[in-house]
Structure formats: structure tokens, C-alpha cells
Amino acid sequence: MVLAITQTQPPSIAIDNNGAHQNRLLRLLNDCKDMSQLRQIHAQTLRTTSTNNNSQTLFLYSRILHFSSMADTDYAFRVFDQIENPNSFMWNTLIRACARSVDLREQAMVLYCKMLEEGIVKPDKYTYPFVLAACAYLFSLFEGEQAHAHVLKFGFGSDVYISNSLIHFYASCGRFELAHKVFEKMSERTLVSWNAMIDAFVQMGEFDSALKFFREMQNMFEPDGYTMQSIINACAGIGALSLGMWAHAYVLRMRGPAIASAVLVASYLIDMYCKCGSLEIAHQIFDRMPNRDITSWNSMILGFAMHGQAKAALDCFAHLVETESFKPNSVTFVGILSACNHRGMVSEGRKYLEMMVQEYKIKPQLEHYGCLVDLLARAGFIDEALNLVTNMPMKPDAVIWRSLLDACSKQRTSVELSEEVARHVLKSEGAVSSGVYVLMSRVYASASRWNDVGLVRKLMTEEGITKEPGCSLIEVDGFTHEFFAGDTSHPRSREIYRFLDVIKDRLKLIGYSPDYSQAPLVNEGDTKRHSLDLHSERIALAFGLLSSKPGIPIRIFKNLRVCNDCHKVFKLISSSFDLEIIMRDRARFHHFRHGTCSCMDYW
């Protein structure tokens with residue numbers, strides 16, 4: 001969220017004997033349309049006004065500087081250098097221009113330091129929002145903290161606009177606790193203050209907290225467009241479709257259909273509906289947009305990809321290339337390669353990566369290589385994937401090595417190769433996670449090396465490494481319910497577990513037999529069976545069956561990749577209970593209907 005502060009311009013000064021001429025120049029400046037006219041006015045000012053530093057001349061130059069700062073920053077610097085003793089408005093004007101320029105944000109800090117060093121003019125309350133905005137975009141924590149110290153030193157600690165900028169700055173630099181501390185200390189808060197905190201929660205992935213703050217904010221302020229953009233993003237993060245639809249309706253009521261169809265808002269809505277499992281509504285919004293930018297195209301392509309609709313994603317890309325004047329960008333090809341990955345379309349993946357480089361001159365980033373490595377490895381081209389990793393122009397990260405290790409465990413490659421890849425994972429990870437140990441356990445279990453499985457589990461215990469718990473969310477009647485594996489904390493737990501037994505009996509009647517390949521990796525059948533029954537998505541599904549209205553799809557969002565057995569069970573339940581189940585796991589969406597899954601058992 002960009003926090004804009006409107007400066008109060010210097011008051012008009014009484015004009016002396018040259019007042020008529022000064023007024024004429026000011027009128028010309030007010031009617032100025034472009035830099036060509038400004039240069040002529042500037043030249044006339046230099047020729048006809050006194051060089052002494054009087055108030056009238058300063059005011060004229062401040063107007064020239066203000067106009068040029070928005071049109072030509074280089075020219076603005078030259079104007080500024082001609083002024084003998086610039087006032088705070090002039091310093092702020094140039095600092096603001098640099099803070100808003102992608103290439104000159106560091107220069108904003110240089111100007112601020114120069115202002116302090118000269119000591120002729122002190123920073124005022126308008127200076128710091130611009131300085132902090134530059135620090136936020138540069139992630140310059142140390143410099144921003146120094147600016148914060150100056151804010152307190154010069155007595156601006158209670159200024160609401162500066163505090164809003166501090167919240168934005170600290171959140172941008174990942175120091176959420178400091179952003180929250182600034183917010184808590186504010187004696188006065190505006191809607192912008194609340195928006196900054198809500199956006200900070202969303203950026204940190206604290207979506208529930210963002211929604212909680214939003215409900216609290218509504219007691220004092222009416223949401224605006226910035227609020228709703230953050231709330232729509234929060235709904236996308238936790239899969240809160242009902243609240244997302246309410247936010248969509250609120251935007252329509254607040255601003256009207258034209259605003260809801262505006263490119264930025266529509267792009268947010270497309271992303272939200274895709275991530276909440278309602279691809280159809282997302283596609284409707286996209287089709288009805290009168291104008292689109294590359295972000296809206298990317299949102300739709302990525303939406304098709306995450307839902308496994310590879311053909312639709314590729315068709316959307318072809319339509320973009322054929323109909324739009326702008327070109328696909330790096331994000332577009334992440335979506336295309338993801339779509340290929342989710343369908344195992346190896347030749348297409350190779351083709352689009354080559355197209356990206358050769359035709360569109362886009363340099364592949366780590367995300368592009370990660371998609372192609374995962375695509376190749378999961379399709380069985382382990383050697384080609386390893387060769388790609390070895391020849392990448394950048395160092396592969398832990399995600400790429402983990403995807404290779406996951407493919408090795410599923411493709412049943414040699415234990416020695418899996419061990420080598422696992423060493424790379426451990427070397428690449430900044431902090432040790434349980435993922436590599438779980439995958440290696442599966443590799444050893446597939447080779448029936450149970451002693452090694454036991455050693456891995458013992459090592460995890462000794463190192464204090466615990467497996468990330470499975471967690472599933474389900475929304476019923478506008479309320480989100482959270483379940484962990486083996487959860488008994490829900491008020492309806494007894495009813496849920498009784499219904500799980502009913503589901504189990506019905507599955508037995510239709511010939512279900514468990515798949516233990518991803519159960520706890522010990523050679524004990526009872527432990528495996530018990531664990532499969534307690535997976536978080538099964539508990540969430542049982543609750544959904546008990547609580548949802550007939551004919552309404554059940555939507556479940558899981559933090560881990562769904563296991564083979566739960567995937568099999570969900571297919572059977574969709575058929576046995578005549579039910580549509582939409583599940584988003586860590587990798588993608590699965591749509592279960594009539595005993596089949598949209599992923600076609602490839603995930």
C-alpha cells in the first residue's frame with residue numbers, strides 16, 4: 001500500500017513593484033502543459049526576475065520545481081541546484097520525486113542526508129513520509145530506523161501521517177512487530193492507519209488477523225478501495241469464499257459496477273476466486289472486463305494452472321499473444337510452465353521455456369527453472385532434471401532440491417541418488433525442516449530398509465525436528481473451521497468421529513482398501529491404518545458432510561500435499577455421497593466429482 005501525503009504549498013506572498021510581472025509568470029505556470037512550455041517560462045524567469053533570494057522569486061522557483069519534478073527529474077535537479085537557499089518545500093518536492101521514481105529512491109536518501117548536513121533548513125512533517133517511502137521500497141531497515149529516530153528527535157512522534165508511513169515501512173521490511181508497536185502507540189488513527197496494519201497482516205500471511213482487524217475497524221470507519229483490496233487478498237489466502245463474495249458485493253455497492261470491473265480490482269477478484277476454488281466466477285469476471293492489463297491475464301492463466309486446466313491456460317496465453325498489444329512477461333511464463341507441470345506436459349514445457357528465451361528475450365528466473373525441473377522429474381526424466389539443475393546459471397534453492405527428492409521417492413530411483421539429493425537439500429536450507437527427513441524415510445521404506453527408517457526417525461527426535469502437522473480449513477455458513485490431524489478440540493468432535501466410522505463402513509462396502517504408501521513410515525500395519533483415518537482433510541470432510549447444505553460443493557484447504565490414500569478416499573466419497581469436493585493442497589486444486597479427480601491422478 002502506497003501512503004500518499006498531500007503537502008501544503010507555501011502561501012502566496014504579497015507582490016512588490018514587480019508584482020504584475022510575477023503574477024503573469026505564475027499564471028503561465030498554472031496553464032503550463034508540458035516541459036517545452038516550462039523551459040520557456042523558466043528562461044523568462046531567469047532573464048526578468050531579481051537574483052536576490054526574496055520571497056516572490058522563491059515562490060516562483062518552487063512552482064517551477066514542483067512542475068518539473070513530476071515531468072523531468074533531471075531538469076528538476078538542475079532547477080534545484082540554481083536556488084541559493086531552498087526552503088523545506090523545495091527539498092520535500094525533490095525528495096518526493098526521487099521516492100516515487102524506481103531508479104532514484106536511493107537519491108531520496110542522499111538528499112535527506114544533504115538536507116541534514118547543510119543544517120540551513122530542518123526537515124518538517126512532510127519530509128518523513130517521502131523518506132520512509134523510499135526506505136520501504138529499498139528495504140533499507142537501518143536508514144529507516146535512523147529516520148524514525150529523527151522523527152522522535154524533531155518532535156513529530158505523534159504525527160498521524162508519519163506514523164502511517166512508519167507502519168508501512170516496518171511492514172515492508174518484515175519487521176511486523178515494530179509496525180504493530182507504532183500502531184498501538186498512536187493516540188489518533190485514521191482509515192489509512194488501519195489500512196496499513198491490515199495490509200501488513202496480509203503481507204505477513206496473517207490472514208485471520210487481517211480479517212479480525214477489519215471487523216474492528218468497521219466500528220470506526222467505512223472501508224475504502226484500499227481496505228477492500230487487502231481484504232480480498234486475505235480471503236484468497238485462507239480460501240474464505242463467502243467473505244470474498246461479500247467483499248465483491250461491497251465493492252459493487254460502494255463504487256458501482258464500473259469500479260468493480262476496473263483492471264486492478266478485477267485482477268484481485270480473479271485471483272481471489274481462483275484461490276477460493278471458484279474458477280467459473282473468476283473466468284466470468286475476466287470475460288466481462290472491458291480492458292485488461294498483463295496482471296489480469298496472468299491472474300487468469302495462473303488460475304487455470306492451479307486448477308489443472310492446462311489446455312485452458314495455454315488457450316488463454318494464445319489469446320493474449322493474438323489480441324493484445326503488450327507482451328507476456330516473466331510471471332506469464334511461470335503460469336504456463338506451472339500448467340504444463342500439473343498435466344505432465346513435458347514437450348510443451350520445454351517448448352514454452354525456449355519460446356520465453358528466444359522469442360520474448362525473457363531471462364529465466366529460479367521460478368521458471370523450478371517449474372521445469374519439477375515437471376521433468378515427476379514425469380520420470382530424472383537425469384534430464386539433474387542436468388538442468390547442474391547447468392542453471394544460478395544456484396538452485398532448497399525448493400528445487402526437495403522437488404527432485406520427492407520425485408526420486410516416487411520414481412523409486414536408487415537410494416544412493418536420493419541420499420545425494422537429500423544432502424543438497426540440507427545444504428541449501430537455511431533452517432532444517434522435517435520435509436527432507438520424511439522424504440528420505442519414504443525412500444528407505446520403499447526399499448524395505450526399515451532400520452534406516454528407524455535411524456531417520458531417531459535422528460529427528462534427537463535434533464528436535466517434528467513433522468509439520470497436517471492442517472485443513474473448511475468454510476461452512478461463512479465461518480472457517482480449522483482441523484489438525486487427530487484433532488479432538490472441535491465442539492462437535494464426537495459427532496465427527498462417529499460419522500467418520502459411518503464413512504469407513506460405506507467405503508468398505510464398495511471395496512475400498514487402504515493405500516499405506518504415505519502413512520507413518522514404520523513396519524506396523526495398525527499404526528498406519530490409524531494414522532490414515534485421522535488425516536486432517538478427512539476430519540474436515542466429515543464435518544462438511546454433517547454441516548453443509550445438500551448440493552453445495554465442499555471446499556477444503558490443506559497446508560500439505562494430499563496423500564495417495566486420502567485422494568483415493570475423496571474420489572470414492574464424491575461418488576458414494578453424490579457430492580462435489582474441491583480441495584486445495586500445497587501444490588494445486590483437486591476437483592472430485594462422480595468418482596474422479598480433475599488432476600487425473602497426476603499430482
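## Reading helix pairs and a sheet

Tutor: Let us start with an overall distance: the C-alpha centres of domain 1 and domain 2 lie 26 Å apart, where domain 1 covers 395–468 and domain 2 covers 472–597, with bounds that come from an automatic or database domain assignment. This is a predicted model, in which local features need pLDDT of at least 70 and side-chain atom pairs count only at pLDDT 80 or more, while totals for chains, interfaces and linings use all residues. Residues are numbered from 1 along each chain as its sequence is written, and side-chain values use heavy atoms, with hydrogens and water left out.

Student: At what angle do the axes of helix α18 and helix α19 cross?

Tutor: Two packed helices are described by the angle between their axes and the distance between the axes. Helices (H or I, at least four residues) and strands (E, at least two) are DSSP runs, numbered from the N terminus, and axes are lines fitted to C-alpha atoms, for helices over the stretch in contact, with angles from 0 to 180 degrees between N-to-C directions. Here α18 (residues 294–306) and α19 (residues 310–323) have axes that come within 8 Å and cross at roughly 160 degrees.

Student: Are α18 and α19 roughly parallel or antiparallel?

Tutor: Angles under 35 degrees count as roughly parallel, over 145 as roughly antiparallel, 65 to 115 as roughly perpendicular and the rest as oblique. The helices α18 and α19 are therefore roughly antiparallel to each other. Contact means heavy atoms within 4.5 Å, and Trp297 and Phe304 are among the α18 residues that meet α19, where the partners include Phe317 and Leu320.

Student: Which helix is roughly parallel to α18?

Tutor: The axes of α16 (residues 263–275) and α18 come within 9 Å and cross at roughly 5 degrees, which makes α16 roughly parallel to α18. Among the residues making this contact are Ile270 and Asp271 of α16, together with Ser299 and Met300 of α18.

Student: How do axes cross in the pair α25 and α26?

Tutor: The axes of α25 (residues 415–428) and α26 (residues 435–446) come within 10 Å and cross at roughly 175 degrees, so these two helices are roughly antiparallel to each other. Their contact includes Val425 and Leu426 of α25, and Tyr437 and Met440 of α26.

Student: In what order do the six strands of the sheet lie?

Tutor: Strands of a sheet pair through backbone hydrogen bonds, either parallel or antiparallel, and two strands are taken to pair if DSSP finds at least two bridges between them. The six strands form an open sheet in the order β2-β1-β3-β4-β5-β6, with mixed pairing, and the edge strands β2 (479–484) and β6 (596–597) each pair on one side only. Within the sheet, β4 (residues 581–584) and β5 (residues 589–593) pair in the antiparallel sense over four bridges, and Met583 stands opposite His590 in β5.

Student: Which residues is Glu475 in contact with, leaving aside its neighbours within four places in sequence?

Tutor: Glu475, which lies in strand β1 (residues 471–476), is then in contact with Gly239, Ala240, Leu241, Ser242, Leu243, Thr480 and Arg555.
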